[in-house]
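Here is a friendly walk through one model, for anyone meeting it for the first time. Have a look at the sequence and the 3D view, then read on.

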Number of protein chains: 4
Amino acid sequence: LKILTQNEVKIVSVCGARDITSEIFERAEKLGNLLAKEGYVVACGGLSGTMEAVAKGALSAGGTTVGILPTYSKESANPYITIAIPTGLGESRNIILVSMADVVVSISGGAGTLSEIALAWKLGKPVVSLSTSGGWSAKLAGTRIDSTRAATIYSASTCEEVIDFVNSQLK
Amino acid sequence: LKILTQNEVKIVSVCGARDITSEIFERAEKLGNLLAKEGYVVACGGLSGTMEAVAKGALSAGGTTVGILPTYSKESANPYITIAIPTGLGESRNIILVSMADVVVSISGGAGTLSEIALAWKLGKPVVSLSTSGGWSAKLAGTRIDSTRAATIYSASTCEEVIDFVNSQLK
Amino acid sequence: LKILTQNEVKIVSVCGARDITSEIFERAEKLGNLLAKEGYVVACGGLSGTMEAVAKGALSAGGTTVGILPTYSKESANPYITIAIPTGLGESRNIILVSMADVVVSISGGAGTLSEIALAWKLGKPVVSLSTSGGWSAKLAGTRIDSTRAATIYSASTCEEVIDFVNSQLK
Amino acid sequence: LKILTQNEVKIVSVCGARDITSEIFERAEKLGNLLAKEGYVVACGGLSGTMEAVAKGALSAGGTTVGILPTYSKESANPYITIAIPTGLGESRNIILVSMADVVVSISGGAGTLSEIALAWKLGKPVVSLSTSGGWSAKLAGTRIDSTRAATIYSASTCEEVIDFVNSQLK
């Protein structure tokens with residue numbers, strides 16, 4: 001009997017804003033799809049916008065999606081979340097999304113995404129941002145948040161490059 | 001294309017102590033096994049004792065197990081956790097274990113388990129305790145924590161009765 | 001210049017329900033008053049009921065009161081809180097109320113208070129309950145939550161006995 | 001009898017790094033001193049570096065200092081904290097430091113400070129950064145984090161300008 005362990009299930013958390021363009025929605029959906037095809041569990045904040053797009057893409061590839069929700073309501077999850085985790089922690093739920101990740105991916109994004117990138121950096125997580133998606137992901141791609149780490153936030157210009165980076169870290 | 005949603009994946013969180021007898025370990029393992037066979041995701045605190053037993057049983061039935069960990073270390077999870085969620089929240093992680101649950105099951109248990117039962121009650125979750133397992137589960141089985149809810153903590157004397165109760169709530 | 005340090009400011013956290021009788025309100029108010037007269041910072045959940053009573057009593061004695069609030073709204077604090085700490089953590093804010101305490105006092109109380117007593121026990125805090133106030137405080141007074149600690153929850157039948165216990169721990 | 005309420009006690013939370021130069025330490029100390037002289041409660045992360053400097057300055061002016069600590073240990077607080085609040089929440093304690101603030105001040109800073117600025121922005125808090133202190137405070141001074149707010153992060157080049165801004169918000 002082969003025993004699966006947590007070492008065999010890798011989690012990729014995707015951060016991004018609620019208010020996004022349809023173009024970003026499509027790219028996030030594609031990204032979720034590709035991540036699920038690689039066998040990763042895809043985690044997100046569980047609500048709309050980027051969170052919904054990435055979960056939709058992952059689910060359509062048969063993937064498992066985890067939504068870390070700010071309220072106590074499972075019903076607040078978008079319809080593509082398979083494992084809804086209501087936390088009641090408000091904005092503090094962002095930290096769990098990051099701390100549970102093996103790799104963090106950022107797409108576009110405002111203040112919420114910025115806090116997640118910063119926390120991911122602080123917790124030592126590999127971070128890759130879609131440099132062509134605007135927002136803080138574009139601003140921080142290829143840079144270092146501070147001098148405590150030698151790495152930079154990896155700059156990926158396409159979804160495929162995001163996948164390559166994630167695979168380089170986890171496979 | 002049939003779309004799975006969070007409504008189709010139900011989470012049963014199991015609370016119990018770290019320091020348990022081999023008899024309780026065996027019963028918790030059996031419980032995890034039965035829950036997974038029913039198709040539930042089995043969540044626990046991710047560490048040893050009851051947490052390990054229930055995850056071991058669930059995994060051996062091919063189930064998905066989620067471990068809500070108190071530290072930032074995935075490595076602290078027991079080897080039967082498929083989705084390890086390090087939170088860094090210390091004892092506050094207990095609340096997430098409860099808030100993510102569709103039903104909460106308690107086995108034996110000391111102060112930690114007591115806090116989880118109390119919080120589950122406060123959040124309006126159905127709670128069932130294994131009345132024959134000692135600790136706070138035995139003390140509170142069949143009682144009401146306070147007058148805010150009409151229900152009692154359901155008292156189950158066997159693992160099979162726990163499953164019957166969970167199914168009555170979720171199927 | 002004498003430098004005050006955190007070793008000189010002691011915090012007593014008071015746990016209790018929102019829905020209480022006027023008799024319990026008066027006793028909680030008296031307790032807050034006595035604690036402040038002894039020089040303790042009085043912390044509570046910041047809302048109504050027991051939380052308001054104890055803060056009201058402490059403030060009338062010129063004390064400092066801290067309210068650990070579940071939402072992000074300072075305005076949700078009762079009018080007797082001098083330092084309002086909105087956390088946005090929902091029920092998880094209970095743990096902070098307990099973890100910041102040098103001594104935890106419980107009055108009456110339902111599920112929320114029970115979770116606080118259990119967590120205080122788990123974190124190794126001295127706990128004293130007003131045995132004559134009903135609820136979980138009455139049920140648990142003089143008992144041990146589990147076998148991990150040698151002490152019991154100290155049973156005090158009057159506010160003065162609560163103060164004696166607190167002083168025995170902190171002075 | 002005049003009743004003090006939470007509306008009369010204003011909290012200024014100061015964010016900044018642990019590893020700082022002696023020049024930044026001196027400026028943070030001066031800032032804490034000026035804030036306390038204005039009657040504000042000064043909150044910080046409770047540890048060393050900027051956190052210690054600002055608390056030291058505030059305490060020397062007779063102020064009240066609150067330290068929001070990441071662990072459960074009161075002993076981890078620097079010696080200038082009057083109200084030590086151990087949370088056990090790890091990095092999530094940053095959000096409480098921000099959510100309790102009436103105004104957030106940032107000095108220098110790396111990833112941790114960046115996450116605090118971003119969260120303060122997200123929670124709608126007024127933010128002022130010492131533009132001449134380097135790090136993320138310098139980078140973000142005078143800018144907007146995203147388009148959800150009309151204001152910018154106020155850029156102050158001296159401690160006195162920080163005070164002027166805080167007073168403009170709270171007096």
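## The fold of chain A

In chain A, take the contacts (heavy atoms within 4.5 Å) with a separation of 6 or more: residues 24 or more positions apart account for 62% of them. Keep in mind that this is a predicted model, where local features need pLDDT of at least 70, side-chain atom pairs count only at pLDDT 80 or more, and totals for chains, interfaces and linings use all residues. As for bookkeeping, residues are numbered from 1 along each chain as its sequence is written, chains are lettered from A and ligands numbered from 1 in the order in which they are written, and side-chain values use heavy atoms, with hydrogens and water left out.

Chain A has six helices and seven strands. These are DSSP runs, numbered from the N terminus: helices are H or I with at least four residues, strands are E with at least two. Going along the sequence, the pattern reads β-α-β-α-β-β-α-β-α-β-α-β-α.

## Size, surface and charge

How does the radius of gyration of chain A sit with that of a compact globule? With 171 residues, such a globule would come out near 16 Å, and chain A has 15 Å, which agrees. (That radius is taken over C-alpha atoms, and the globule rule is 2.2 Å times the number of residues to the power 0.38.) Along the principal axes, the C-alpha atoms of chain A fill a box of roughly 40 × 40 × 30 Å.

Of the 171 residues in chain A, 64% count as buried. Buried means under 20% relative accessible area, exposed means over 50%, and partly exposed is in between, with a 1.4 Å probe and protein chains only. Chain A exposes about 5,700 Å², and carbon and sulfur atoms supply 50% of that; these areas come from the Shrake-Rupley method with a 1.4 Å probe. The mean positions of its 15 positive and 15 negative charges are 5 Å apart. Here Lys and Arg count as positive and Asp and Glu as negative, while His and the chain ends are not counted; each charge is placed at NZ of Lys, CZ of Arg, CG of Asp or CD of Glu.

## A helix under cover in chain B

Helix α2 of chain B (residues 50-60) is mostly covered, with eight of its eleven residues buried. Among them are B:M51, B:V54 and B:L59. What do the buried residues of α2(B) pack against? Their partners in chain B are β1 (11-16), α1 (22-37), β2 (41-44), β3 (65-69), α3 (93-99) and β5 (103-107). Just after α2(B), B:G62 takes a positive phi of about 80 degrees.

B:S108 also has a positive phi, near 45 degrees, in a residue other than glycine. B:S108 lies in the loop between β5 and α4 (111-122) of chain B, and counts as buried at 14% relative accessibility.

## Stacked rings

Over all chains there are four aromatic pairs. Rings of Phe, Tyr and Trp (its six-membered ring) pair if their centres lie within 6.5 Å; planes under 30 degrees apart count as stacked, over 60 as edge-to-face and the rest as tilted. C:Y154 and C:F165 form a stacked pair, 4.6 Å centre to centre with 15 degrees between the planes. C:Y154 lies in strand β7 (residues 154-156) and C:F165 in helix α6 (residues 159-170) of chain C, so the pair ties together parts that are eleven residues apart in sequence. C:Y154 is partly exposed at 36% relative accessibility, whereas C:F165 is buried at 11%.
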